[in-house]
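Hi,

Here is the structure I promised to pass on to you.

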Amino acid sequence: MTFPAPTLRAFAALLLLAVLPLAGCDSSDSGMDEEPLRQVSYPLAAQSNSGAIPSGVDGTVTFWELSDSQTLVTLELTDGATGADVSHPAHIHQNSAAESGPIAFYLSPIDGSGGGGTSARVIDESFDALADFDGYVNIHESVANLGTIVSQGNIGANADATVTEGLDLVEGGGQTLTYDLGANQNNGNAAPSGIAGDVTFREVTTDLTLVTLSLDLSGATGASVSHPAHIHDNDASTGGPIAIYLSPIDGSDPAAKSSKLVNRPIGDLETYDGYVNIHESLANLGAVVSQGNIGANASAASGGGDDDGDSGNGGGGRY
């Protein structure tokens, strides 16, 4: 059958209109990829002071985009752990450093005794909100001596920075595993009856796991110290040496939690022969306030497709 030229043109136009919507539904063929996640870093300058670290320490704070409503904030000291026998609490404050202002966000403290001088904290704010925030970061000597600032730097609206590509997150949000930590009676002063809590492993990338500690409190522990925490080798009843330094929990932090990025795939931690201790303080590591088995030593973990169950917490306060 032969169509007149005008009819052929009309038929072709109708066919094109029918095909275009179908092509637009296939994102793999559209050539339109999602925007990569972002990061931005700001320098923290050493602050001279009259405390345990009189020359202060240099460092970096980095904002990593996790989602539309969450940002991972990491701290890293240039020369690693300070060697002090205290943990260094940190906060994002309102206003510029020159103006000063109240605490806006608690960050995870940095263990002065080891662990590379790093910490992490997930904040329920978008990357854009924090990248534009009118604020600054303070790292303090200790909870007992918040007036002594060892490192400081402006962020967001108060600082110049370049946004670059951030973390290559695993698809689908990654695996999450949570283990219970039991209250451990001890001879300390901060919490002699112990405090229950939990530890969560969150898969961030194929090689990085975010380890978050949380104590079962309606508020801060009220202690004038930060509570150091570690993953130890072996099970809790056997005891063993420190294998991985975690971020301490600030005794004044209303959320009573802390996080740290660990350079291990979550699969390694899921099968790890270990346990977690949360201590009273660096000065009193023998007082373990919270403890629990993880990985190969726990009967089950919640999350990540595993059945909920008893985590096999051990007692005895090993350290």
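Aspartate 128 is partly exposed, at 42% relative accessibility. Please keep in mind that this is a predicted model, so a value like that one is computed from predicted coordinates. The side chain of aspartate 128 forms a salt bridge with arginine 38, with 2.9 Å between the closest N and O atoms. That pair links distant parts of the chain, since aspartate 128 sits in helix α3 (residues 127-131) and arginine 38 in strand β1, 90 residues apart.

How exposed are the two? Arginine 38 is partly exposed, with a relative accessible area of 27%, while glutamate 65 counts as buried at 10%.

The structure holds 3 salt bridges, and one of them joins arginine 121 to aspartate 253, again with the closest N and O atoms 2.9 Å apart. Arginine 121 is in strand β6 (residues 118-123) and aspartate 253 in the loop between β14 and β15 (257-262), so the pair connects parts that lie 132 residues apart in sequence. Both ends are buried: arginine 121 has a relative accessible area of 5%, and aspartate 253 comes out at 1%. Through shared partners, salt bridges join Arg38, Glu65 and Asp128 into one network.

Strands β1 and β2 come up again with the aromatic rings. There are 3 aromatic pairs in the structure. In one of them, tyrosine 42 and phenylalanine 63 are edge-to-face, 5.7 Å centre to centre with 65° between the planes. Tyrosine 42 is part of strand β1 (residues 38-46) and phenylalanine 63 of strand β2 (residues 59-65), so the pair ties together parts 21 residues apart in sequence. Tyrosine 42 and phenylalanine 63 are both buried.

Now for the nonpolar side. The largest nonpolar core has 26 residues, and those touching the most other members are Val199, Phe201, Leu213 and Leu246. At least two core residues come from each of β10 (176-183), β11 (197-203), β12 (209-215), β13 (226-233), β14 (242-250), α4 (266-270), β16 (273-281) and β17 (284-295). Which residues does leucine 213 contact, leaving aside its neighbours within four places in sequence? They are Leu181, Asp198, Val199, Ala229, Leu246, Ser247, Ile249, Ala256, Lys257, Ser258, Val276 and Ile278. Another core lies apart from the largest one; it has 25 residues, among them Val61, Phe105, Ile110 and Ile123.

Serine 290 is buried, with a relative accessible area of 0%. A polar atom of the serine 290 side chain lies 2.9 Å from the backbone oxygen of isoleucine 195. Beyond its neighbours within four places in sequence, serine 290 is in contact with Leu181, Gly182, Asn184, Ile195, Ala196, Gly197, Leu215, Val276, Asn277 and Ile278.

Best wishes

Methods. Residues are numbered from 1 along each chain as its sequence is written. This is a predicted model: local features need pLDDT of at least 70, side-chain atom pairs count only at pLDDT 80 or more; totals for chains, interfaces and linings use all residues. Side-chain values use heavy atoms; hydrogens and water are left out. Rings of Phe, Tyr and Trp (its six-membered ring) pair if their centres lie within 6.5 Å; planes under 30 degrees apart count as stacked, over 60 as edge-to-face and the rest as tilted. Helices (H or I, at least four residues) and strands (E, at least two) are DSSP runs, numbered from the N terminus. Buried means under 20% relative accessible area, exposed over 50%, partly exposed in between (1.4 Å probe, protein chains only). A nonpolar core is a set of buried Ala, Val, Leu, Ile, Met, Phe, Trp, Tyr and Cys residues joined through side-chain atoms within 4.5 Å. Contact means heavy atoms within 4.5 Å. A salt bridge is a side-chain nitrogen of Lys or Arg within 4 Å of a carboxyl oxygen of Asp or Glu. A polar contact is a pair of N or O atoms within 3.5 Å; within protein, one must be able to donate a hydrogen and the other to accept it, and residues adjacent in sequence count only if both atoms are side-chain atoms.
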